[in-house]
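Here is a short report on a two-chain model. Please keep the sequence and structure open while reading.

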Amino acid sequence: MIVVLLALPFAGAMLAPLVRGDRAARWFGVAVTAMTFAVSLTLLSGIGGPVRGTVDARHAIDVPWIPALGVRFHVGVDGVSLPLVLLTTLLCLLSAIYTLTALPAPGKAPLLTCVVLATEVGMLGTFVALDLVLFFVFFEVVLLPMYVLIAVWGGPGGRAAALKFVLYTLLGSVLVLVGIGTVYAATGSVDVVALSGRGGAGIAHGTQVAAFLALFAGFAVKAPLYPLHTWLPDAHTEAPTVGSVLLAGVLLKMGTYGLVRVAVPILPDGARAIAPAMAVLAVAGIVVGSLNCLVQRDVKRLIAYSSVGHMGFVLLGIATLTPTGINAALLANIAHGIITGLLFFAVGAVKDRYHTADLPTLGSGLMARLPVLGGLLLVGSVASLGLPGLAGFWGEAFVLLSAFQPASGLPGSLFTALLVVAGVGAALTAAYFLRLLRMLVTGPDVSAAAAETSGGVGVVADANRVELLAWLPLVLLAVAIGLYPKLVLGLTEAPVRALMGVFGS
Amino acid sequence: MTRTAWVLPLLPFVAALVGLGLAIRGPAARRVAAIVAALGTGSAAVLAIPLAAGAVRLAGPVQAAVEIAPTGGALTVSASTLVDPLAGIVALMVCWVALAVQLYSVEYLGTDARYPTFAAEVSLFTAAMLAVVLSGDLLALLIGWEVMGLCSYLLIGHYRELPEAPPAALKAFLVTRVGDVGFLLGVLLLGRHAHTFRITEVLAAVPSLSPGVLTAATLLIALGVAGKSAQFPLHTWLPDAMAGPTPISALIHAATMVAAGIYVVLRLHPAFAAAPTTLGVLAVVAAVTMVLGGLAALGQDDIKRVLAWSTVSQLAYMLGAAAVGAVTASAFHLLTHAAFKALLFLAAGAVLHGAGTGSMSRLGGLRHRMPVTFWVTVVGALALAGVPPASGAFSKESVLDGAYAAAHGEVPGVAPWTGWLVLAAGLLTVLLTAAYLTRLLLRTFLGVAREPAAAGAAHEPGRLMSWPVLALAVAAAGLGVLTGPLPRWLGGSLRLDAGLTVVSLLLVATGAGVTYLQWRADPAADPIRRLGPRLTAALAAGLYVDRAQQALVVRPVQAVARLASTADREVVDGAVRGTGRATVRLGRLLARAQLPDVQRYATGVVVGSILVAVAVVVTR
């Protein structure tokens with residue numbers, strides 16, 4: 001089934017440029033992503049039951065690929081990767097649906113569909129790969145279509161932002177490759193399952209630290225970890241709506257997934273050595289990201305910076321090197337994908353309607369003008385600020401919980417101090433989202449006054465049916481996971497415990 | 001019984017979901033929305049009667065739980081219900097006050113186009129409060145706890161055209177949220193050391209916890225309590241919250257939100273009792289808040305703001321009682337306060353509705369035109385001031401007596417100085433309470449109308465507004481009867497000391513008498529004018545705590561945020577761009593070529609890195 005999962009969007013990406021007409025191409029995209037989503041759902045059937053080994057991949061396929069180097073086409077899913085696979089296929093489907101009603105300029109739907117599907121192949125491949133070289137290949141495959149997506153369909157600064165994105169993440173990729181090379185040099189293996197099972201046995205401490213540092217730095221660019229985050233606000237601000245959704249919803253998760261799947265279990269000693277620094281930077285990201293949000297004028301840039309803060313929580317969870325922390329990080333990952341996906345859809349729709357993302361220009365009272373769109377922004381914002389009962393809360397709460405008791409060997413008092421600072425960051429998160437809501441969503445409708453003075457923006461329509469179809473699944477998921485986080489934790493808990501067995505507990 | 005406890009919050013929750021669906025259809029759905037809201041809360045109110053009746057006879061708590069969030073470690077979070085006498089009684093109170101508010105709102109917001117949204121949000125608010133009351137899991141309790149914060153945000157901002165409404169809503173959410181971060185950390189700390197989030201198990205583990213952990217955890221939780229229950233220094237949101245519709249004030253001040261903070265302290269009291277430092281801090285906070293609230297209430301011009309500051313001050317009685325170990329007295333005051341404060345707010349709403357303003361400097365002489373409202377306000381005021389036989393007299397006396405007992409070292413684990421502190425502040429506040437209530441009654445209902453036009457149009461409200469008010473008046477007058485059975489249900493004791501009662505009645509008489517004499521001298525002027533302009537201005541501004549908060553917290557944070565943004569742009573990203581530029585220059589130098597296009601650049605980087613990797617492999 002996993003081969004089908006990858007082959008469907010791949011074939012779709014190959015065929016999409018051949019489809020004639022914008023309408024047909026967009027429907028083609030919906031059909032392919034819908035089928036891929038359906039296939040990803042069937043993977044659920046093999047998940048569950050007792051976990052055997054450190055990585056118990058189901059639906060696995062393992063065939064030789066580059067025999068000379070011992071590289072194999074080894075793929076499979078477990079409870080750690082499946083939630084991300086499902087998130088990817090869902091967000092791709094919703095993006096395709098959304099494109100039905102809002103095709104970003106300059107059109108070219110066949111090419112757009114091709115690019116989105118190519119991105120999907122790379123993202124899914126990254127999450128299912130169980131061979132380090134294969135992982136790296138898929139990790140790289142994502143870059144090019146994403147570059148095209150931002151450069152072609154992006155705003156006026158799209159090309160520059162896309163270039164920055166590509167160069168920056170390419171730099172990260174180089175480091176990842178160096179890390180993989182070092183692991184291969186030390187062990188002669190690139191098999192994730194085997195290497196996780198070894199738990200770093202036979203790799204000298206210094207080598208582990210060096211390799212982990214390389215992998216960590218590479219993944220940190222992608223995640224992004226402070227201070228390697230500055231490509232993100234530019235890329236998000238210029239990217240078209242679907243680009244932002246996929247970027248925030250899935251791409252950032254490739255970095256944190258890489259840490260959980262590759263770096264931490266294969267190089268536990270290296271992880272232990274770097275974890276305190278990682279935790280400090282993660283918390284710095286939470287605070288700096290939130291502070292930046294407090295003064296942003298551009299609403300897309302604001303949401304982008306909020307991602308820096310949220311991913312800081314994810315990285316803090318990973319840095320505790322405990323099952324609780326990793327579980328929390330994976331849950332926060334998924335929640336962030338859902339909620340920030342929703343927020344980028346909503347602010348993208350606002351930008352498309354008013355042709356600006358500048359908060360003072362947009363003015364307050366969106367709720368009075370467009371109650372549905374305003375309501376969605378409200379839901380997305382309160383979910384993102386971590387309202388208990390919605391998805392964003394649990395992951396971040398459990399990250400804080402795990403920081404109370406990091407893995408043995410890590411400085412407990414440092415983590416306690418960090419979690420208090422992270423708590424302050426959580427309060428700041430509430431502050432900037434409430435500021436956003438006050439400037440944009442609640443309050444008196446100023447458009448009437450603005451229309452009289454500036455010639456007006458004309459009548460703007462509220463969310464249409466297609467948009468609702470693309471967005472409501474995210475709202476429902478945010479509520480469902482918020483009330484019953486076991487939906488995700490039930491999948492991740494057992495595999496994470498097995499994965500983290502090497503750290504004791 | 002656990003089944004009822006599951007269903008109770010669900011009824012208003014479902015009503016809220018249906019109501020939000022109706023709200024999309026706009027004002028046309030008003031009638032249906034009203035019926036849905038009344039049915040949701042009404043059925044819960046009916047169901048709460050057998051629940052409470054059964055709960056008070058329970059020997060031990062009854063609970064049921066479903067796991068919703070395994071953490072991957074030893075801890076797990078469950079959706080659970082915990083029914084004991086306290087939960088049963090408070091749930092009953094919440095349901096009936098909420099029902100009164102729902103019915104009252106049908107008429108009060110009779111011409112409001114957004115009534116359906118409002119009614120749905122009130123239902124959600126009620127559901128969230130019931131979830132807090134009945135939750136048996138500390139972390140799951142946070143769901144209801146913070147959904148209430150969200151509802152207060154939405155409802156305070158209901159009149160979106162009012163300039164003061166959006167900032168007031170933001171402030172309510174943000175200030176309580178700041179406290180909630182402390183609450184969350186406290187709960188996590190408690191859970192991590194007790195190895196459980198279940199309330200009964202946490203309390204059972206209290207004796208085995210180290211004093212340091214207990215003190216830290218309870219102090220953090222107290223931060224959340226201070227936010228929700230509007231205690232110094234996180235009380236500043238409550239007076240501003242008056243920008244919301246009046247029924248909401250009644251709901252927030254009586255049955256939900258502010259009551260939740262006190263309720264959690266009572267719920268977790270064994271943990272607090274084991275942390276003497278926390279009790280001391282709570283006593284100081286309560287004493288400061290009590291007097292501050294009473295003083296500020298004296299200086300307000302708007303009826304609703306007087307009542308808001310009075311809530312701040314009365315909640316401090318409950319917190320103070322909890323701090324000196326008088327748990328039953330605290331719960332008692334929570335219940336009577338719910339009745340008389342809801343009554344006073346709904347009566348104030350009738351004044352606003354009838355006379356068109358709540359500003360006392362524009363009112364006066366309303367008792368002729370609104371006799372019913374006048375008399376129910378008198379009943380509420382007597383209860384609030386603590387004049388027997390109104391309910392507040394009994395609950396307040398039992399709080400004071402609890403403090404008196406603690407002051408004499410009769411409460412184990414409570415330092416006598418905290419008892420003296422709460423007692424002194426409590427008695428001073430009795431005096432202030434009598435003064436501000438007398439001022440409110442005199443300036444609103446007696447004397448002559450200051451704006452005859454407004455007074456002339458004043459009228460009594462219709463039945464949907466009057467009946468809930470009358471029912472609450474009966475409760476406010478009569479809840480003193482609980483003095484007997486409450487200790488039996490909740491455990492603990494309620495004592496009323498005759499000497500202390502005489503002292504506080506003398507203080508009531510003094511406060512009311514002085515205010516009356518000042519008013520008598522010039523009925524048109526403000527009785528507090530003799531305090532001088534500087535002092536009255538300070539009282540009206542709540543002794544400038546707000547201003548201090550602005551200067552010490554809000555502005556520094558904004559300045560740091562601007563700094564961080566600049567640093568991010570100039571330093572962090574500057575370094576990135578600088579590296580890029582340097583690389584390009586180096587590239588030009590080396591290749592003596594033009595800037596390569598991205599593809600070539602990328603290829604170069606990939607090829608280079610592969611070479612590095614190969615080199616590593618070869619040289620190992």
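## The hairpin of chain B

In S2(B), Val77(B) is the residue that stands opposite Ala69(B). This comes from a predicted model. The two strands, S1(B) and S2(B), run antiparallel and pair over 8 bridges. Between them sit 5 residues, and in this hairpin Gly72(B) has a positive phi, near 95°.

Strand S2 of chain B covers residues 76–83. Of its 8 residues, 7 are buried, so the strand is largely enclosed by the rest of the structure.

## Chain B as a whole

Chain B has 25 helices and 2 strands. Its C-alpha trace spans about 95 × 60 × 50 Å along the principal axes. The radius of gyration is 28 Å; a compact globule of 620 residues would come near 25 Å, which agrees.

Buried residues account for 59% of the 620 in chain B. Among contacts in chain B between residues at least 6 apart, 81% join residues at least 24 apart.

## The interface

Contact between the chains involves 47 residues of chain B and 51 residues of chain A. H6(B) gives the most, with 13 residues.

What is the make-up of the side of chain B that touches chain A, in nonpolar, polar and charged residues? It has 30 nonpolar, 7 polar and 10 charged residues.

## The nonpolar core

The largest nonpolar core holds 452 residues. Within this core, Ala91(B), Ala342(B), Leu343(B) and Ala476(B) touch the most other members.

Take Ala476(B). Leaving aside residues up to four places away in sequence, Ala476(B) touches Ala339(B), Phe340(B), Leu343(B), Val379(B), Gly380(B), Ala383(B), Ala390(B) and Ser391(B).

## Chain A as a whole

Chain A contains 22 helices and 2 strands. Its radius of gyration is 22 Å, close to the 23 Å that the globule rule gives for 505 residues, so chain A is as compact as a globular protein of that length. Its C-alpha atoms fill a box of roughly 75 × 55 × 40 Å along the principal axes.

In chain A, 68% of the 505 residues are buried. Of the contacts in chain A with a separation of 6 or more, 81% are between residues 24 or more positions apart.

## Two local features of chain A

Is Ala16(A) buried or exposed? Ala16(A) has 24 C-beta neighbours inside 10 Å, and therefore counts as buried. Ala16(A) sits in the loop between helix H1 (2–15) and helix H2 (22–42). Not counting residues up to four places away in sequence, it touches Ala25(A), Phe28(A), Gly29(A), Pro110(A), Thr113(A), Cys114(A) and Leu117(A). Ala109(A) is 93 residues from Ala16(A) along the chain, and their C-alpha atoms are separated by 8.8 Å.

Helix H19 of chain A runs over residues 412–441. At 1.5 Å a residue, its 30 residues should span 44 Å; the end C-alpha atoms are 42 Å apart, which agrees. After H19(A) comes Gly443(A), with a positive phi near 80°.

Note on methods
Residues numbered from 1 in each chain as written. Chains lettered and ligands numbered in written order. Predicted model: local features only at pLDDT ≥ 70, side-chain atom pairs only at ≥ 80, totals over all residues. Helix = DSSP H or I, 4+ residues; strand = E, 2+ residues; numbered from the N terminus. Rg over C-alpha atoms; globule rule 2.2 N^0.38 Å. Buried ≥ 20, exposed ≤ 12 C-beta atoms within 10 Å, placed from the backbone. Contact = placed C-beta atoms within 7 Å. Nonpolar A, V, L, I, M, F, W, Y, C, P; charged D, E, K, R; others polar. Core = buried A, V, L, I, M, F, W, Y, C linked by C-beta atoms within 7 Å. Pairing = 2+ DSSP bridges. Expected span 1.5 Å × (residues − 1).
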